Amino acid sequence: DLLHASFGRESEIALLERSVLGRFPARAMIYGAFGVGRTHTLVGLAARTEIQARFGGRIAYISLRGAPSGDMEISALSGIVDTDHLRDKPALLLIDDLDEPWRSERVQAASQLDQLATMLPAATIVATTRGSREAVERFPDAIALGPLAEAAAIDMMTELAPGIGQF
C-alpha cells in the first residue's frame with residue numbers, strides 16, 4: 001500500500017513515533033526542503049499501529065498548503081477541525097506546511113502555534129515546515145529531512161512506476 005510505505009524514512013518515522021508516544025502532549029516538527037518527503041513522513045507516522053491505538057479516531061490532518069498568507073488566524077482552524085472533540089482527550093493534530101500562511105512573517109507562525117497549543121492543551125501536535133527556524137524552535141522534537149538515499153529513491157520510483165527502467 002503506497003500510502004503506508006515509508007520509502008527510506010523508517011528511522012525518522014520511528015523517532016517521531018517514540019517522541020509522540022513518550023511525551024504528553026508531544027510537540028514535534030518535520031522540516032526540510034521542498035519535495036524531501038515531509039508530508040509522506042507525517043502520513044507515515046499517523047499510519048503506525050501504536051499511534052492509531054493511542055489516538056484512535058482523534059487524529060486530524062490539516063494542510064495549510066495554498067492557505068491565504070498573512071492574515072490567517074490559527075483560531076480559524078476551529079472551523080476546519082472539531083476543536084471541542086479534540087480539546088480534553090489525547091488527540092493527534094497533524095499540520096502540513098505550517099509556515100505557508102506566514103511565509104513573510106515567520107515569527108507570527110510560531111505565535112499562532114502557541115495559540116493552538118493553548119486551544120488544545122491535550123493535543124499532540126506534529127507539523128511540517130520548509131524550515132522556519134522560529135517554528136522549529138517551538139518544538140522540542142524537530143526532525144530534519146534531507147534527500148532520500150539512492151537505494152530508497154530507487155525503491156520508491158520502482159514502486160510508483162513499476163515499468164520504469166525495463167526497456
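D141 is buried in this predicted model, with a relative accessible area of 16%, a value that falls in the buried class because that class covers anything under 20%. D141 forms a salt bridge with R23, and the closest N and O atoms of the two are 3.0 Å apart. This pair links distant parts of the chain, since D141 belongs to strand β5 while R23 sits in the loop between α1 and β1, 118 residues apart. R23, at 35% relative accessibility, counts as partly exposed.

Side chains of opposite charge can pair when their charged atoms come close. A search of the whole structure finds 4 salt bridges, and one of them joins R38 to D97, with 3.3 Å between the closest N and O atoms. Here too distant parts of the chain are linked, R38 lying in helix α2 and D97 in the loop between β3 and α5, 59 residues apart. R38 counts as buried at 4% relative accessibility, and D97 counts as buried at 1%. A salt bridge is also formed by R9 and E12, whose closest N and O atoms are 3.4 Å apart, and both of these residues are buried.

The strands named above belong to an open sheet of 5 strands, arranged in the order β2-β3-β4-β1-β5 with parallel pairing. β2 (59-63) and β5 (141-145) stand at the edges, and because each has a single partner strand, one side of each is left without a neighbour in the sheet. From one strand to the next, the twist averages 15 degrees.

Within the sheet, β1 (residues 27-32) and β4 (residues 123-129) run parallel and are joined by 5 bridges, and R27 stands opposite I125 in β4. Helix α1 (residues 10-22) packs on the sheet, where it touches β1, β4 and β5, and its direction makes about 170 degrees with that of β5. Helix α2 (residues 38-46) also packs on the sheet, touching β1, β2, β3, β4 and β5, with its direction at about 160 degrees to that of β4.

The C-alpha atoms of A117 and R27 are separated by 9.1 Å, although the two residues are 90 residues apart along the chain. A117 is buried, with a relative accessible area of 19%.

Strand β3 (residues 91-96) contains L93, which is buried with a relative accessible area of 1%. L93 and A60 are 33 residues apart in sequence, yet their C-alpha atoms are 5.0 Å apart in space.

Technical notes: Residues numbered from 1 in each chain as written. Predicted model: local features only at pLDDT ≥ 70, side-chain atom pairs only at ≥ 80, totals over all residues. Heavy atoms only, no water. Helix = DSSP H or I, 4+ residues; strand = E, 2+ residues; numbered from the N terminus. Buried < 20%, exposed > 50% of the residue type's maximum accessible area, 1.4 Å probe, protein only. Pairing = 2+ DSSP bridges. Axes fitted to C-alpha atoms, helices over the stretch in contact; angles between N-to-C directions. Contact = heavy atoms within 4.5 Å. Salt bridge = Lys/Arg side-chain N within 4 Å of Asp/Glu carboxyl O.
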